[in-house]
Amino acid sequence: MDLTPSKRHKPPTIPETPTAAAVKEDRISNLPDSILCHILSKLPTKTAIATAVVSSKWKHLFASIVNLSLVIDDAAPNNPQPNPNFVNFMYHLLTVTLRDVTCIEKFVLHCNHDYGNSHIDAWISTVLGLKVSSLTLFFHVENTGVSTESLFRCETLGDLLWCQHFYAEVPDTFFLPNLTRLFLALVKFPDSESFDIIISGCPVLDGSTYYWGMKLNSLLRAYIDVGPSDSMVENADDDEDVLEYDQNVAKLVAACCNVGFLYLSMPSVTVSYSPFLLCNAQLPTFQNLTELQLGDLNNHGWEFLPHLLESAPNLETLVLKRFMEHEGCFAKFESSIPNCVPACLSIHLRTIYFKEFNGEQDELELVSYFLTTAEVLRDVEFSFCSSLPIGKQYSTWSKLSSLQWCSKSKNCKIHFANVISMLQSFIEWMKSLK
């Protein structure tokens, strides 16, 4: 009999149940502040603010975030009704969460509902006190917006986008010394002098888009894309109301006479056409204009183009994007050409871009006109409309290539965007026909 004691196996170890302290351990909050600030900067504003309830440590992190940007939108998903807690949320954000913050890089506020202009003024005043650099404000409800005077004397503001259906009382002491970009949409002023005060109070303004303007002498670049809505035309009491609108847009174009770059959309050209060409309004000389871009030319654009060329004696670059109308349009262009060739074609015009070219006969005649009159032209570049059949693209390419030999400028070259891809597609298309 074996009296050796039998080997006993140790019972399996049962994992210990985590203690309550272990379960509640907040490992994220133990990360370095620099990492936590980086995490916060990547979160949506409302989510980032909600982290303050995670740990008391998070409440003080906003003051350490570099280039803090806040984007706030009161719109709730699938719910068109205003959020009853939004006003409290805004005050808590600005007075508690951001209590230790000394500056904000960017602040964006979208308000789709009316919370009372007194609340809005209080919010924006607080934001401006935080030395904000970029401010974007959208107020979508009629008679709702900001009117606080602190908006008109913020020394740190460099970028302002302001949209509201509400009158703004501009003080005589208006001064934004560091504002370089200004975009105004639907903002109403009691008189034209108010807008003059704004422009004169922005000494370093370098470019913008305006819906109303008088003196824009400090602008270097202007993008003008305005035109009456269908409802505005339908609700106009008579033709005089429409003409008054057109005249205001024409004044805006004329007020940008010192810019070096000018973009005019098709609606802008269309509404300016009547005052300048039919009512004999004076089109100013754009002495500093070196680049002109026109978008989606209709028959009015064709007729207006010679007058713009004549008014820009130092033009170096011309961009024509898409011709919406063709038949008979070159005749309109030709009838508007002055007795002598515009000065810019003889002396300065070096580059022309034809974008979304269709290859219609009127377009080809316009190209021929520029080639035979522009004496210092160096480059003419074409890109074809994406919907243009590949066969039409090839035939147009062939016609344009042959036009180079009639150029008055010996240094002129014609270029085509994506020409290799176009030729490859044409070869494949020809093979498919066999």
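Modeller: Helices here are DSSP runs of H or I with at least four residues, strands are runs of E with at least two, and both are numbered from the N terminus. This is a predicted model, where local features need pLDDT of at least 70, side-chain atom pairs count only at pLDDT 80 or more, and totals for chains, interfaces and linings use all residues. Residues are numbered from 1 along each chain as its sequence is written, and side-chain values use heavy atoms, with hydrogens and water left out.

Colleague: What makes a residue of α5 buried or exposed?

Modeller: Relative accessible area: under 20% is buried, over 50% is exposed, and in between is partly exposed (1.4 Å probe, protein chains only). In α5, I120, D121, W123, I124, V127 and L128 fall in the buried class. They sit on the same side of α5 because they cover an arc of only 165° around the axis, taken from the directions from the helix axis to the C-beta atoms. S118 and G129, on the other side, are exposed.

Colleague: And what covers the buried residues of α5?

Modeller: The cover includes α4 (86-97), β2 (106-111) and β3 (134-139).

Colleague: Why are α4 and α5 called roughly parallel?

Modeller: Their axes, which are lines fitted to C-alpha atoms over the stretch in contact, come within 10 Å and cross at roughly 20°, with angles running from 0 to 180 degrees between N-to-C directions. Under 35 degrees counts as roughly parallel, over 145 as roughly antiparallel, 65 to 115 as roughly perpendicular and the rest as oblique, so α4 is roughly parallel to α5.

Colleague: Which residues meet between α4 and α5?

Modeller: Contact means heavy atoms within 4.5 Å. F86, V87, M90, Y91 and L94 of α4 meet H119, A122, W123, T126 and V127 of α5.

Colleague: What does N117 touch?

Modeller: N117 belongs to α5. Leaving out residues up to four places away in sequence, N117 touches N143, T144, G145 and F166. The C-alpha atoms of N117 and T144 are 6.2 Å apart, although 27 residues separate them along the chain.
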